[in-house]
Amino acid sequence: MNKTIDTNLHREIAQFGARDMDICMQCGTCSASCPLSSDTDTFPRKIYRYLQLGLRDKLLKSPEPWLCYYCGECNLDCPRGAEPAETMMATRRWLTTQYDWTGLAKKLYLSESWEYGALGAVSLFIILLFVFFHGPVITDRVAVNSFAPVMWIEIGDLTMAAILTLFLLSNAFRMFRLIMEDTHIPLHLYITEAKAFLLHFATQKRWRECGSDRSRWLKHFLLVTGYMTMMTLIIVFIRWFQVDDSSWHFTSLFGYYATGVILFITVEMFLSRRRKKEAIHRFSELSDWLFLILLFFTTLTGIIMHAVRLAGWPISTYVMYVIHLAIAVPMLVIEVPFGKWSHLFYRPLAVFLTTVRQKAARPSRIDITDLRTRIGDMFMSCLQCGTCTAVCPWNQTNGYSPRLMLRHMALATGTTQNLDTAVWNCTTCDACGDPCPRGITIVDTIRAAREILNQQQTVPESLKIPLQHLAAKGNPWGGDPNQRPDWARDIDLPAYRPEHTYCLFTCCTTAYDDSPSRHIQQAGRALPKLLNQADISFGSFGTQEICCGEPALQLGNESIFAALSQANQALFQKHQVDKILTTSPHCLHTFKHVYANGKALPATEHYTELLERLIQSGALVPKFDVAATVTFHDPCYLGRHNGITEAPRRILSSIPGMRLVEMRDNRDHSLCCGGGGGCAFMPIGSDGSLAGARIRQALDVRADIIATACPTCMRMLQQAAESLRIAETIVVQDVAELLLQSIEKSYEHPLPIHVNLELDQEVLHA
Ligand code: SF4
Ligand code: SF4
Ligand code: SF4
Ligand code: SF4
């Protein structure tokens, strides 16, 4: 779950070398060309999206940056000329600083003075240690073990190894907790899959599949074997390695091997970076260079020391010994836990954790036969064209794929993780319905899958609560039915009588608005005021009013929906209701298309339809200027599901002084607010990423006000604006509120603060 939208994330990652987050248009070409991206772990497009939307929590939970091995294939075909490989690298650098609890990694990555200063300080410490605590300096022969007794060196080595391991493991544990936070994986899987960690730690096997140039993997593999051998010799076999006589020990062979490969490969890599032989090396950072340079000089000074020792030059040997350690120790102490070298642990850990997650996946509980019985075979004809995924709003923010869900359903290959979880994240916005070339009703398919999961009582915890409230209190928010009419406050809300023209049906989100500003309730009060102005007779069921049942319907709970639907219909019959006026497009849809189902029911209309007619007939006359630039957010259930796109626009256009502008996605192609289909109760809905994207679209057209005609949309958009800390820059308002503002000057409304955002501020905001 993303708790907040972090407007600084974009800027923060740029400090680590990401250059092109703004130009990515989310086409997904890079993910398609990445040889390592998979259906379950998609990148790099998804990472760009997190960065663009400021989804810090999601980025922190992503193992994907570590699954990228920097082959650069994704750079080749980006239509915008972005270089995703660089952004993945920058994200890895940033993640390294986020895992590190000491804060040192961040300082070292972002400040050259800190990097050089830290290396210099450790180096000086080593030199001073030898200046003050060296053993007897024997000059008539080479006696390293006298100058630096091997027992003390061994104790020093082991102490250093223990401290480094402690830092590295504690940081890796933080990485583990972030990635596995929401998973419930049995311990035995971690144990049995530990081999994946060891395999990838030892071989970096994934790199072989990354890019066409296999020699890069081979060079890296040899380098790793070189320095791992060297570290083993220094830490475990120092007694055999640091000797004064010329007796030969087999460990020398390993020493020669390690020295050879480290020298050869570091020089080769260094030159390759310097000559920018490969395109991906165009943007090397200090941390990339230092790593190679320190490794090279550690080895070189080791060779020189060995040579002067064999030549029998005692003083030169001791001096070179100290210089060698003054380079090797800072390299290990600084680079392994806090610098680039930490990737030696983080990469295999990410591979291990994703393997564990995949192994823990259990087969989907959605029975295909049951699904076919409920909705027929149409969904089986999916040709996997991916159109639905391309238009799905969630795909813009988190890689959600209805195409993949359909494939898993049709082939019965889904798991509880990739299918049974995913079906709850659909907002039922129906953006995918029309464009499907096979005419598959994806929303119905997903709803049927939810019904099956409901019958098996495997509903996500966060959805159990609204369902329980619906069953017990008749609303999903758990509000007291006796307090339902409180939203109207001082407005006269008469009890419905048969002689009333309309039965005003209030949305539960308005009635139980718990936001600090109670703005949804305030917006709700605009409609009865307008109805009174136009002399429209209406009444309400007051404390008897209950939810239309739409949340239960969309969440697949047939019995709760049936109970609410029957209770409502009984109420309509008892009070001889002819016409229902709804404030929410969700109620409108439910009464009009679901309750009706062939039965004679009261005619239902949305309030925007009535208000438009009242303006046309002259019963309502907007006369006061509302000098603002307004854009209209089409609620999915008003526009796409019910074809009402013009009535709200005509209302807004009738207001003097108001300038109506259109966002990029409008009318039938509106971008969902992220709250439909029960998502308002889910962590995915409350992450605000979709509503945040919509706010961005409103900022793009320089709107002061984003108007809407749905309490759920209002709630989602307002939360996103607050989370972006721009709630006073772009005001979320209901269409009825704006109309009332123009009719009744005394009306109290949140005034938009006119701010002309500069382009860079807009980028920062969204
Ligand atoms: S190919 Fe380029 S524009 Fe398309 S998603 Fe990847 S980075 Fe963005
Ligand atoms: S650099 Fe290679 S592995 Fe990384 S995202 Fe690009 S194509 Fe995939
Ligand atoms: S648009 Fe239709 S046919 Fe194409 S992948 Fe989606 S469901 Fe299948
Ligand atoms: S209904 Fe909307 S959210 Fe659900 S799969 Fe289709 S496009 Fe995506």
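## Ligand shell, helix pair and sheet in a predicted model

The shell around ligand 4 comprises 8 nonpolar, 2 polar and 1 charged residues. This description rests on a predicted model. The residues surrounding ligand 4 include the cysteines Cys 392, Cys 426, Cys 429 and Cys 432. Also in this shell are Pro 393, Pro 402, Ala 431 and Val 443, together with Thr 427, Thr 428 and Asp 430.

A second feature is a pair of helices. Two packed helices are described by the angle between their axes and the distance between the axes. The axes of helix H11 (residues 150–180) and helix H18 (residues 314–338) come within 8 Å and cross at roughly 20 degrees. Because angles under 35 degrees count as roughly parallel, H11 is roughly parallel to H18. The crossing of H11 with H18 is right-handed.

| Helix | Residues in the contact |
|---|---|
| H11 | Ile 153, Met 160, Leu 164, Phe 167, Leu 168, Asn 171 |
| H18 | Tyr 321, Val 329, Leu 332, Val 333, Val 336, Pro 337, Phe 338 |

By class, the contact of H11 with H18 has 12 nonpolar residues, 1 polar residue and no charged residues.

The model also contains an open sheet of 4 strands, ordered S2-S1-S3-S4 with parallel pairing. Strand S2 (538–539) and strand S4 (603–606) are at the edges and have a single partner strand each, so one side of each lacks a neighbour in the sheet. Strand S1 (residues 502–505) runs parallel to strand S3 (residues 579–582), and 3 bridges join them. Phe 505 has Thr 582 in S3 as its bridge partner.

Definitions and conventions
Residues numbered from 1 in each chain as written. Chains lettered and ligands numbered in written order. Predicted model: local features only at pLDDT ≥ 70, side-chain atom pairs only at ≥ 80, totals over all residues. Heavy atoms only, no water. Axes fitted to C-alpha atoms, helices over the stretch in contact; angles between N-to-C directions. Helix = DSSP H or I, 4+ residues; strand = E, 2+ residues; numbered from the N terminus. Parallel < 35°, antiparallel > 145°, perpendicular 65-115°, else oblique. Left-handed = near helix turned anticlockwise from the far one by under 90°. Contact = heavy atoms within 4.5 Å. Nonpolar A, V, L, I, M, F, W, Y, C, P; charged D, E, K, R; others polar. Pairing = 2+ DSSP bridges. Near = heavy atom within 4 Å.
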